[in-house]
Amino acid sequence: MLFWGVIVWMIVWGVAGSILIKRRYLARDLDTSNANFVGAMAGASLGPVGIAALWTKTPKSSNFLIVGLGLLTVLLVAVTFSFADPENICVTSGGFVASQFVNGLIIGIIYGFMALGLSLIFSILGVVSFAHGEFYMIGGMLVYFITAVWIPGVPPLLAVMGACAIAFVIGAVFERLMLTPMYHGKIDRPVEYGILVTFGLAFTLQYFVQALAGANPVKAQRFLSFPRWSWPEGADPVWIKTSRGSMTLFEQVSISSPRFTAAITCILVLLALLYLLHRTWTGKALRAVSQDREAAAIAGINPDRMNMLAFALGGMIAALAGALLVQAFSWLPQVGAIPAMRSFVIVVLGGLGSLPGAFVGGIMVGLVEAAGTGCVPDPQKAASYIPAYGMIVLTLTLLLRPTGMFGRRFASGAHGQF
Amino acid sequence: MTIPTRRLSLVASAGVLALSTGVAWAQDCPIKIGGMAPLSAPGTVVGGEAMRDAMLIAEEDINAAGGVLGCDIDVVIGDTEGLPEKGTALMEKFISQDGVVAVGGGYHSSVGVASKDVADRLQTPTVFAETWNDTITGDKQKYIFRIAPLSSWASSTIWKHALEIPGVEKVAILTENTDYGIPAAEETTRGLESGGKEVVTFSVDIGTQDYAGIVQRMKAENPDMIIVLATGEAGYNFQQQAADAGIGSLDMPFHAGQVSLESKAYWENVPDGNYAFVQRIGVPENLFTEEGKAFAAKYKERTGKDAVESYAMEAYDSIAIIAQAINEAGTTDADAVVAALEGIEHNGTLGKIYFPYGSGKDPSEDGHGDEYWHQWPDVALTVIQYQAEGENSGEATIVWPDAYKTGDPIFVNQ
């Protein structure tokens, strides 16, 4: 009762803050792009006091203010929850909370990484790839077949690299054959064409793999088995303890080897990708095309080549996510459907075309799912609602910031002739 | 202009008549029987493929033995995807487009619950092979039969076995939120609670892959035993992730989902799955009937598997019993086939199959509930335990009940 009372209070003042602060910023001819969000968070966390302060001062909506008010709101929800349900395991066990947090963070990094590929494709080509889940599936299938069927005993790293290379080539060839006509004015309705043709690729890949490999679940062996080890010896609690399949931190947080290797690899590849995009000519060219295709073309960049590179890279990123997770999950030709759906949620949440937004959005969805699974009092409902947690965050974000967290008002992507 | 038009109409009418006669003749032979199976995710594809192979072997065997009413039979396989809406659409298609005279197979309870109403409405005899939900027969529909066990029987096998495991005071159940999982979890909970055990249930969507959060929460509940009531690869995913977190079958008594009977896929997907208990329908292979032995040999040769799964045997029997009923009825007329099924004694791979309760005798006359309507009552239910890595389910130790026991269970918590 207490919890829902506070939530209703927060909603009422959040809505009031969102409306009032936007009007106030408009009246003062200030930037209103974040006024809804700031007003809602100030109302939700501080009630009329927060709204009055913003109304009076009308400060610039800095990142500090946005993040600060957002965190304050989350904190208020958490504190209220702890008073309303003091016996909940999320309140009584710090170790459990840490465990759920680490789980959410790890899976969020992987979600974000996969969504990054989708966002990269959209930011350059302006196409929402509905074949993203199938690239994810192909990555995993290839690693399984390379390590277990075609070349048993091959190091998993080589298999992962092989899978990425094949996915890259599939993406490049598909883009050149099927998407290039969009950029030369040969297609009347390029947006719809882009959707349909990637849908076609998705079905083709899925059923092609099913025809070749069958529909039985397969799984690659874990890439890395930890040695039995603990450190420091004799400490209570032991800080790090490893067994064959998992690592335990402070005797509370358990991380399985497949998730650990997947998350670390995603972070390393993300850093490499950031280097590519920000420190190399090719990366700068990609970003230039993303910002203004015509200006990039005038500067000597071949946008068609960048399109091909972006689609191939995006597909390869999804394939890499799959290649890393095939050691964690059972793999089927249809395995990409749920991750693809989640990627769509994440890219919209982060802002269409925004690479940082995709990554941050992924982590946010991972954490929210972990919080929901761990803290919803009824265990029967906690796990059933996993897909809904991300949707709730997405809905709230879009209500307050229709462009997503990091989205630009006008996303790029030229579908027609220059 | 009028005369040629009339002539044309007459010629056309004659043509239509001739064609329709031809079509009618073509529909008679071969006799089409629908075969439902989940052949795509989120359905249990390993189960579906096994059932498909079994139903096609049944078709071959029946045709080799002279067919039905002098015709070959044609088993039309359809994919339910494990989804109720796909199941109803498939049933409609079977009956309205493919022209089947009866339907066999079926794996997921939710599909059976949804599609049985279509079959009954369109008056098509249907023998469900592996759908457990009690209401499938409990609705007492004229055209619906079942040779799979009732969900309540299957659940009682699990909880009765769990009550005999020493050191178990608290049980965690992972169930799928479907027409199979929810009632099965409720039945199992009631049974365990009747034995004084504490139960906590976690329900998930059928296609869930990532169980990290659920596993941690389950671990925090500190259970002494885990029971999985999830079909398909969801069971594999959960079991291995639980093992990674230290609450798998190597750490505590663990009752795995029925899909774990598919040994090759099981060991590939759950490498840390030794000592898991799995429910199995049917008697052990050394007690198979002659029909069961013949089918097992053919099935193993066809699929390259080392063991035959119970749902494959059920699927085979569901087609074979329909064929026998049509032969005994002497017609494909639905009401005559239902009458034949109600009086049938079929020597199947699973044993002698018959339906003691139906329009001739209500289950209440013997004190049974409505779920006994058109239900084969003698389904054998056993619990096996994998006791060596890579072991074949057909050779695994039967640990419960005593009547079929082939060895002692290993309790990893002792």
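In strand E10 of chain B, Val278(B) is the bridge partner of Ala256(B). That pairing belongs to a set of two bridges that join strand E9 (residues 254-256) of chain B to strand E10 (residues 277-281) of chain B, and these strands run parallel. Keep in mind as you look around that this is a predicted model.

**The sheet in chain B**

In chain B, seven strands make up an open sheet, and reading across it gives the order E7-E6-E8-E9-E10-E13-E14, with mixed pairing. Which strands sit at the edges? Strand E7 (198-204) and strand E14 (397-400) of chain B do, each pairing on one side only. If you ignore direction, neighbouring strands of the sheet are turned by 30 degrees against each other on average.

Two helices to look for here are H6 and H7 of chain B. Helix H6 (residues 151-163) of chain B packs on the sheet and touches strand E6 (170-176), strand E8 (225-229), E9, E10, strand E13 (381-385) and E14 of chain B. The direction of H6 makes about 45 degrees with that of E13(B). Helix H7 (residues 181-194) of chain B packs on the sheet too, touching E6, E7 and E8 of chain B. Its direction makes about 170 degrees with that of E6(B).

**Domains in both chains**

Chain B is split into domain 1 (27-150 + 289-372) and domain 2 (152-282 + 381-404). Their C-alpha centres are 27 Å apart. How many residues of each domain take part in the contact? In chain B, 24 residues of domain 1 are in contact with 23 residues of domain 2. On the domain 1 side, helix H2 (45-64), helix H4 (109-121) and helix H12 (310-329) of chain B each supply at least two of the touching residues. Sorted by class, that side of domain 1 of chain B has 11 nonpolar, nine polar and four charged residues.

Chain A is divided as well, into domain 1 (2-84) and domain 2 (94-225 + 251-400). The C-alpha centres of these two domains of chain A lie 33 Å apart.

**Two helices crossing in chain A**

Now turn to chain A. Helix H7 (residues 156-179) of chain A packs against helix H12 (residues 303-325) of chain A at an angle of about 145 degrees, and their axes are 7 Å apart. This crossing is right-handed. H7(A) brings residues including Val160(A), Ala163(A), Phe168(A) and Leu179(A), while those from H12(A) include Met308(A), Phe311(A), Gly314(A) and Leu324(A). Taken by class, the residues of this contact are 16 nonpolar, four polar and two charged.

**Where the chains meet**

The contact between the chains takes 33 residues from chain A and 35 residues from chain B. Helix H5 (94-125), strand E4 (253-256), helix H14 (355-375), helix H15 (379-384) and helix H16 (386-400) of chain A each supply at least two residues of the chain A side. That side has 15 nonpolar, 16 polar and two charged residues.

| Residue(s) | Feature | Value |
|---|---|---|
| Trp231(A) and Pro232(A) | cis peptide bond | omega about -10 degrees |
| Trp400(B) to Pro401(B) | cis peptide bond | omega near 0 degrees |
| Thr58(A) | positive phi, not a glycine | phi about 40 degrees |
| Glu81(B) | positive phi, not a glycine | phi about 60 degrees |

Where do they sit? Pro232(A) is in the loop between strand E1 (229-231) and strand E2 (240-242) of chain A, and Pro401(B) is in the segment after E14 of chain B. Thr58(A) lies in the loop between helix H2 (35-57) and helix H3 (63-84) of chain A. Glu81(B) is in the loop between strand E2 (73-79) and helix H3 (84-98) of chain B.

Is Glu81(B) buried or exposed? It counts as buried because 23 other C-beta atoms lie within 10 Å, and the cut-off for buried is 20 or more. Thr58(A) has 15 C-beta neighbours inside 10 Å, so it counts as partly exposed.

Finally, find Ala339(B) in helix H13 (residues 334-342) of chain B. With 18 other C-beta atoms within 10 Å, Ala339(B) is partly exposed. Ala339(B) and Trp400(B) are 61 residues apart along the chain, and their C-alpha atoms are separated by 37 Å.

Definitions and conventions:
Residues are numbered from 1 along each chain as its sequence is written. Chains are lettered from A and ligands numbered from 1 in the order in which they are written. This is a predicted model: local features need pLDDT of at least 70, side-chain atom pairs count only at pLDDT 80 or more; totals for chains, interfaces and linings use all residues. Axes are lines fitted to C-alpha atoms, for helices over the stretch in contact, and angles run from 0 to 180 degrees between N-to-C directions. Helices (H or I, at least four residues) and strands (E, at least two) are DSSP runs, numbered from the N terminus. A crossing is left-handed if the near helix is turned anticlockwise from the far one by less than a right angle, and right-handed if clockwise. Two residues are in contact if their C-beta atoms, placed from the backbone, lie within 7 Å. Ala, Val, Leu, Ile, Met, Phe, Trp, Tyr, Cys and Pro count as nonpolar, Asp, Glu, Lys and Arg as charged, and the others, Gly among them, as polar. Domain bounds come from an automatic or database domain assignment. Two strands pair if DSSP finds at least two bridges between them. A residue is buried if 20 or more other C-beta atoms lie within 10 Å of its own, exposed if 12 or fewer, and partly exposed in between; C-beta atoms are placed from the backbone.
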